[in-house]
Amino acid sequence: MAERLSKGGLLIDRDQPTTFTFNGDALQGYEGDTVASALLANDRMLVGRSFKYHRPRGIMASGAEEPNALLGIGEGARFEPNQRATTTELHDGMVTQSQNHWPSLETDVGALNAWVADKLPVLSAGFYYKTFLFPRVAWKHIYEPFIRKAAGLGKAPVEKDPDSYEHFHWHCDVLIAGGGIAGIAAARKAADEGKRVLLVEQTAHWGGRALVDGDQIDGQSGPEWVAAQIAALEAMPNVTLRTRAMAAGLYDHGYALVYERVSDHRPGLTGAPRHRLWRVRTGQTIVATGAIERPLTFANNDMPGVMLASAARDYATLYGVLPGRKVIVYANNDDAYRTALTLHQDGAKIVAILDIRAQAAGDLPQQAREAGILVRTSTGIAKAIGGKRVDEVQIGTIQGEKMTGREEYLSCDLVCVSGGWSPVVHLWSHCGGKLTWDDTSAMFRPDDSRPPTGSDGQAMTKCVGAANGVLHTTEILPDSMVRAPTEDVLQPHWFTPSRGKYAHGTKHFVDFQNDVTAADVRLAAREGYESVEHTKRYTTLGMATDQGKTSNINGLALLAGALEKQIPEVGTTTFRPPYTPISMGAITGSAKGPLFKAVRQTPMHGWHDANGADWEPVGDWYRPFCYRRAGEDRHAAVNREVVNARRNVGLLDASTLGKIVVKGPDAGKFLDLLYTNMMSTLKQGRCRYGLMCTENGFLFDDGVVVRTGPEEFLCHTTSGGSDRVHAWMEEWLQTEWWDLKVATVNVTDQWAQVAVAGPNARKVLEDAVCDVALDKGAVKFMDYVEGTLAGCPVRIFRISFSGELSYEIATPAGYGMALWDALRVAGEPHGIMPYGTEALHIMRAEKGFIMIGDETDGTVTPQDLGLFFAISKKKTDYIGKRAQERSDLVRTGRKQLVGLMAEDPQMVLPDGAHAVKRRREHVAMTTIGHVTSTYYSPTLGHSIAMGLVENGLSRRSEWIDFSTGLGEFMRAQIVDPVFYDQAGEKQNV
Amino acid sequence: MSEAARPVAPLRAPVADEPVYAPEPLIGIEPTDVYGMITLRGDLGSEALEAAVDEAVGLKVPAALSVVSDGDARVVWMSPDELLLFTDYSEADAAVARISEQMGVAHHMALNVSDARAVIRLRGARVGEVLSKGAPCDCSDHGFSVGTARRTHMAGLAVAFWRLEPDVWEIVALRSYAHHLLAWLEQAAQPGSEVFA
């Protein structure tokens, strides 16, 4: 049984007890414990049920490589599934629960899976390609729901995350990932050279294995040496140290992500983000991430009580917890003997050390024997025996591929296994570093001749210490006096043979989290999955949340064996960031809730909000769709606004429209190239509606251009197009026509703009006290004047998007609200009402005016829309002119702009509905166009629509069918797109 | 220019469900609405432009990525052919006129853009730290000495900021985004969220 020792435990504070719950049971721990060490202290080895077979699973490791101890932590909005107990710091009051079982951890109905799988291999590798196929009808209602429910281990949280997260950009010369002795030494060296150093460590403590493994450095113990080095680093101003910070990924140009768990260990810390994602730009990266111990692959090696050897001694030394009292150590190397010696010193009975090697003559085996511990060579475990905990192991003599000798049983409650060590090469590999197989040490290590390179082609990353395959302190710190045992070489051992039905490897587990066995890997090889990438996906080995940290190497070694290839020939799968899972919150950072997306607001935004505005997004802005009064739905509000604007006068916030000033001696020439119109002839004080096309001849933006000075123009763009059009202008000026003397400035935010539209518009302006004469002769349609209105400096453009008498008034944004208020007040006796975007859209559609994004979709030319008046015939060139002469853009049969009257005038054609050549049933129909804009017109009392239809310009009065649903149609007649005031009289009053 | 005092529209419209922050943020965040601003585009190396800037605000043309200032007057380097000049709001039009006079026929553009941007002054020792939560440039003492000015992005929008004194910085963004920038700064400056002790 596992228990807390009466003394010891480097990381715990016995003066600060904590209480927590596990599956509802109240348990005790200490400050400094992880959830795993505290569970073991309470003799809770069983922590979960495996994914497919629901086999009992126990704590196997002491760090991020843990595959089994995945718990749900917390409650309510802070509940989080799949948290590793080994890396979760314990805090008082923590609520934890195990996963993937019903009704309970101890009694799990899911264990039936294992019983079934024993009889029939229905859940072996690739099962989902072979099972659940027949009958087909069962798929939708039985198989799929069942599989969806069974997928995954933990329960998904359902409440909104209340915590905050943030990013942090940091620049340094050297980023060092890993706070063990190699990383610390590298940090000292770089810091002494005056470099800006960032040293990060994923756990809450410095020192790595030096705290446990007992080597002496320069006369100090591991912990003493570490403490002294860290103190020295902390005193240096050019060094930044962070614990609880994991280097998650290494990318191009020295960009690295470091995932800092700021307050997971102190929940409720006011103001602190839960996680912080450091976005680091570094000159060099040093990867000091250590190595991960491999398990050995033998029958029932997944049983609770089977633990990595280094983890067992970590629990004893760091947390004062003895994971078992009757201990077997099973290994192929000298390092594992440290565990036997440590646990023996802490009072456990070491039943035996089982070494698969024929000889165990190194320093550590000698020490073990001197301590009276039994060492048996050439011995392997044929199987572990037990249920929810290991009770005994059956052992035998390993001879080649066979287990021989008599069946011997050893009673135990803890089996510490070690198959060797795998350097943590993830960061090195993320950015292109290659690996080489070291046959002697049986590990993949970084290939120094093929490192990740920077933009200068030089190496930008190097690995040190165990991450580089250098496991021994003497070699990691060559400049120090190190006292450490020498170690004999290991013997690679990828599969312990067994007896009887266990010989096939169906209970030899390789990937513990995804329940992948040695038999599965060999099956994949037999079925032709020779590539390690295919084998991974076919068997799902290495695809769980632990990403194969304890299984990848064992798996590919088995694959190599099955294919009779060398391990380096098989190779590894691709290492991808993040190294261990990071929270979605950390990736999101502060872009959550109100800060999710930057939304632009006009100076009058507050007034709209307080006066019934129903918002709609337009580009990056929010604009009022309509202003709803009490008792109104959107439809009613919109109708009221349209009727009022045409009868009296309406007020529209037009500040969102793009405004770009174009100035210089070549400004006219430049605009002639950008627009289809001749702009250079525009006289000062006049406006012209202009069209902008892409190089392919398609219309992409429109707006009124104003001549504001001898060499100055003000170009309006659509609300969503201002930044794009400005960038378009600058791109042409900077990359193609840099000899043109033209400067542009985006002044969209400089000006608030208000449209006053309707028969009473002029009266409103006059009543608002304007110092400029506004009678019809003084300010003609498409004129521009400057002056003062209601004390605000204004520019007045007499332009109309509604077809009514209309003025757009611009004032510097600081005056925007004052202008809006003054016009509202002046307009009251004239029946003024604000109107929103929908009323705006309906009124322009009644007049047959096109809108970018409705009548255009990136494939429509101005000619298709009949806008010949805006296309200059005199200009020799403009962007898109040549393209518009291509055969496909001048052929007959192109879709052209039409008006559409529905057969039933009270029915509104659906937006985007397709016109068909002929109604068909059960057969695909030929489409000949679609509806681009469609509304109910309160002005006319019936529906109106615009569309693009093949040869539309020559099909006036034809009736065509629109498909509106499965087998449903609406008929409409092709009419003039101008439904209202065809003579255009109303805007000329 | 109108005689009436210029009414100041609030930089931020009220937003429902705004979180409430502790009263002592990590840095001072002071929206200001008093500046006149002029965008000047032209040949930054020309004598005419040097003289124009001097005439307008009494300062020299700054080197790339820097700001020069004197009292409320500033000149910020915005791009190889663009400067942002600061002066009193009521002086901006006159300053534009003086620039045009100095430049004569030399190609340039001087525009009064006083209302186009929001200016927020930031105070304290932790300004660089707070800005680093959103901007990818090096805002540490090492990378952003007094007199540095940079255009970059932060909180999902384009910004420019500069350091006038060790503990006094200013940041500008387009006026329509100001409410978002303010909200972001307040969250990033929340006490308890210090990156360094």
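Lys986(A) and Glu804(A) pair up in a salt bridge, with 3.1 Å between the closest N and O atoms. The term salt bridge here means a side-chain nitrogen of Lys or Arg within 4 Å of a carboxyl oxygen of Asp or Glu. This pair ties together distant parts of the chain, 182 residues apart: Lys986(A) sits in the segment after β52 (968-975) of chain A, and Glu804(A) in the loop between β44 (792-797) and β45 (806-812) of chain A. Helices (H or I, at least four residues) and strands (E, at least two) are DSSP runs, numbered from the N terminus. Glu804(A) counts as buried because its relative accessible area is 1%, while Lys986(A), at 26%, is partly exposed. For those labels, buried means under 20% relative accessible area, exposed means over 50%, and partly exposed is in between (1.4 Å probe, protein chains only).

A word on the ground rules: this is a predicted model, where local features need pLDDT of at least 70 and side-chain atom pairs count only at pLDDT 80 or more, while totals for chains, interfaces and linings use all residues. Residues are numbered from 1 along each chain as its sequence is written, chains are lettered from A and ligands numbered from 1 in the order in which they are written, and side-chain values use heavy atoms, with hydrogens and water left out.

**Other salt bridges**

Searching the whole structure turns up 65 salt bridges over all chains. Here are three of them.

| Salt bridge | Closest N and O atoms |
|---|---|
| Lys986(A) with Glu804(A) | 3.1 Å |
| Asp447(A) with Arg450(A) | 3.0 Å |
| Asp821(A) with Arg824(A) | 2.9 Å |

Asp821(A) and Arg824(A) share helix α22 (residues 816-827) of chain A and sit three residues apart, about one turn of the helix. Both ends are partly exposed: Asp821(A) has 28% relative accessibility, and Arg824(A) has 23%. Shared partners also build a single network of salt bridges from Arg209(A), Asp213(A), Asp215(A), Arg313(A), Asp314(A), Asp335(A), Arg338(A) and Glu487(A).

**A buried threonine**

Thr573(A) belongs to the loop between α15 (567-570) and α16 (584-588) of chain A. With a relative accessibility of 12%, Thr573(A) counts as buried. Leaving aside residues up to four places away in sequence, Thr573(A) touches Val532(A), Glu533(A), Lys536(A) and Asn552(A); a contact means heavy atoms within 4.5 Å.

**Over to chain B**

Chain B has four helices and 10 strands, running β-β-α-β-β-β-α-β-β-α-β-β-β-α from the N terminus. Of its 197 residues, 57% count as buried. Take the contacts in chain B between residues at least 6 apart in sequence: 63% of them join residues at least 24 apart. Chain B exposes about 8100 Å², and carbon and sulfur atoms supply 52% of that. Accessible areas come from the Shrake-Rupley method with a 1.4 Å probe; for residues, only the protein chains shown count as cover.

On the surface, Glu47(B), Glu50(B), Asp54(B), Glu55(B) and Glu101(B) gather in a patch of negative charge. A charge patch takes residues with over 30% relative accessible area and no salt bridge, joining like charges within 9 Å. Helix α1 (residues 47-57) of chain B gives the largest share of this negative patch, four residues. Glu55(B) has its place in that helix, α1 of chain B, and is partly exposed at 42% relative accessibility.

Technical notes. Patches are made of residues with over 30% relative accessible area and no salt bridge: like charges are joined within 9 Å, nonpolar side chains (Val, Leu, Ile, Met, Phe, Trp, Tyr) within 5 Å. Lys and Arg count as positive and Asp and Glu as negative; His and the chain ends are not counted. The place of a charge is taken as NZ of Lys, CZ of Arg, CG of Asp or CD of Glu.
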